[in-house]
Amino acid sequence: MENKEPLSPHIQIYRWHISSLVSISHRITSIINIISITLICFWASLLLLGESQYIMINSFLSSLIGKFIILVITWSFSFQALSEIRHLIMDLGYGFELKITKISGLLVIFGSIILTVVFYLVGKNFI
Amino acid sequence: MVQINLPKNSQVIKGKYFKDKTSSKNLRKVNIYRWDPSTGEKPRIDTYEVDMDNCPSKVLDILNKIKNEIDPTIAYRRSCAHGVCGSCAMNIGGKNGLACTTPHSEIDGDIDIYPLPHLKVKRDLIGDLDNLYKQYESIEPWLKSNSKSESKEIFQSKEDRAKLDGAYECIMCACCSTSCPSYWWNGDKYLGPAVLLQAYRWIIDSRDEERQKRLKKVADELKLYRCHTILNCTNACPKGLNPAKAIAEIKKMLATANV
């Protein structure tokens with residue numbers, strides 16, 4: 001009898017809002033960051049093998065896919081940093097009012113996009 | 001454990017359609033989760049067309065109207081009908097709340113009504129809250145004072161009393177706990193926002209003498225620190241309380257006090 005009782009729907013029906021979105025994105029970006037840090041270490045150690053390796057990586061990173069990957073990593077790091085600051089403030093016990101969580105969540109989302117653009121422009125020597 | 005998909009016996013199928021018989025022009029479609037333990041069938045979503053011209057303002061009024069006028073087989077908990085007892089907690093339009101205090105005018109489109117998320121369903125909109133009550137019992141939600149004689153009143157200053165504001169008003173409707181993804185995945189160990197808010201309420205009570213013991217008891221990787229400030233709880237609370245902040249305060253106390 002006990003096993004017959006169904007489980008009521010949960011994530012399938014629950015409505016998303018800013019804070020839950022930022023929370024799940026925080027998790028996803030942390031996974032992206034771990035993978036990308038590993039890749040960067042791998043890339044750095046490949047440099048030890050000489051010029052030909054450097055050229056290979058360089059041509060990959062200047063291709064369209066490479067540029068896209070760099071942009072994703074830049075956004076992911078920006079998001080993680082801003083979201084972590086939000087968490088630090090929350091750990092101090094501030095910013096739990098619904099309105100403020102909404103505003104700080106939006107700041108994290110839009111701030112990460114702005115930071116990505118800024119990094120891009122800095123990298124292109126526009127700023 | 002994170003289990004995104006529902007088990008096979010819990011997957012929801014399309015159910016019956018109850019067409020309007022009043023020939024009213026102001027109709028709304030209400031989709032309600034149904035499950036009957038006496039049949040072996042899967043849970044289903046029944047759709048009702050409800051005449052809104054003759055329906056009071058709250059979601060509970062819709063349910064009462066359906067039960068009285070359209071389909072008497074539907075089962076749900078309700079009692080006080082004005083947000084004090086916490087019986088009619090359910091998932092309305094994708095968000096947990098009390099049916100008796102949620103106006104249906106706030107919901108766009110069809111009104112979807114489900115039981116509280118991630119609970120064993122007893123029938124229709126009635127979820128099994130046994131686990132939550134056991135966890136509530138585990139934090140020993142009563143005053144513990146050993147030194148003072150039981151015949152004498154224990155005084156509390158106005159300032160100390162004010163600390164309990166925002167914690168004592170909780171009606172244990174379970175809207176917050178069942179809205180929390182951490183509680184969905186680890187509900188067997190994580191205490192959840194409702195119980196932690198009550199734990200906080202007793203930790204900060206100036207009359208209680210077992211503050212240290214209470215803190216120690218709750219200081220556990222899974223019991224407390226599964227809160228990742230998703231804030232579904234504060235968003236859902238029909239009494240406007242802030243369980244997420246209470247949990248943060250407990251964490252802060254544990255980080256700063258010698259426990």
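Let me start with chain B, which has eight helices and eight strands. Keep in mind that this is a predicted model. The C-alpha atoms of chain B fill a box of roughly 70 × 40 × 30 Å along the principal axes. Chain B has 259 residues, and buried residues make up 38% of them. Now the contacts in chain B with a separation of 6 or more: 67% of these involve residues 24 or more positions apart.

Next, the interface. How many residues of chain A are in contact with chain B? On the chain A side there are 22, and they are in contact with 38 residues of chain B. Three elements of chain A give two or more residues each to the side that touches chain B: helix 1 (18–46), helix 3 (64–91) and helix 4 (98–123). Sorted by class, that side of chain A has nine nonpolar residues, nine polar and four charged.

Two of those helices, helix 1 and helix 3 of chain A, also meet each other. Two packed helices are described by the angle between their axes and the distance between the axes. Here the axes of helix 1 and helix 3 of chain A come within 9 Å and cross at roughly 125 degrees. Angles of 65 to 115 degrees count as roughly perpendicular and those over 145 as roughly antiparallel, so helix 1 and helix 3 of chain A are oblique to each other. The crossing of helix 1 of chain A past helix 3 of chain A is left-handed.

Which residues make the contact? From helix 1 of chain A, they are V22(A), S25(A), H26(A), T29(A), S30(A), I32(A), N33(A) and S36(A). From helix 3 of chain A, they are V72(A), I73(A), S76(A), F77(A), F79(A), Q80(A) and S83(A). By class, the residues of this contact are six nonpolar and nine polar, with no charged residue.

Last, one residue: D91(A), which is placed in helix 3 of chain A. Is D91(A) partly exposed or buried? D91(A) has 13 C-beta neighbours inside 10 Å. A buried residue needs 20 or more, and an exposed one has 12 or fewer, so D91(A) counts as partly exposed. Leaving aside neighbours within four places in sequence, D91(A) is in contact with A248(B) and K251(B). As for S52(A), it is 39 residues from D91(A) in sequence, and the two are 48 Å apart in space, C-alpha to C-alpha.

That is what I have on these two chains.

Notes:
Residues numbered from 1 in each chain as written. Chains lettered and ligands numbered in written order. Predicted model: local features only at pLDDT ≥ 70, side-chain atom pairs only at ≥ 80, totals over all residues. Helix = DSSP H or I, 4+ residues; strand = E, 2+ residues; numbered from the N terminus. Contact = placed C-beta atoms within 7 Å. Nonpolar A, V, L, I, M, F, W, Y, C, P; charged D, E, K, R; others polar. Axes fitted to C-alpha atoms, helices over the stretch in contact; angles between N-to-C directions. Parallel < 35°, antiparallel > 145°, perpendicular 65-115°, else oblique. Left-handed = near helix turned anticlockwise from the far one by under 90°.
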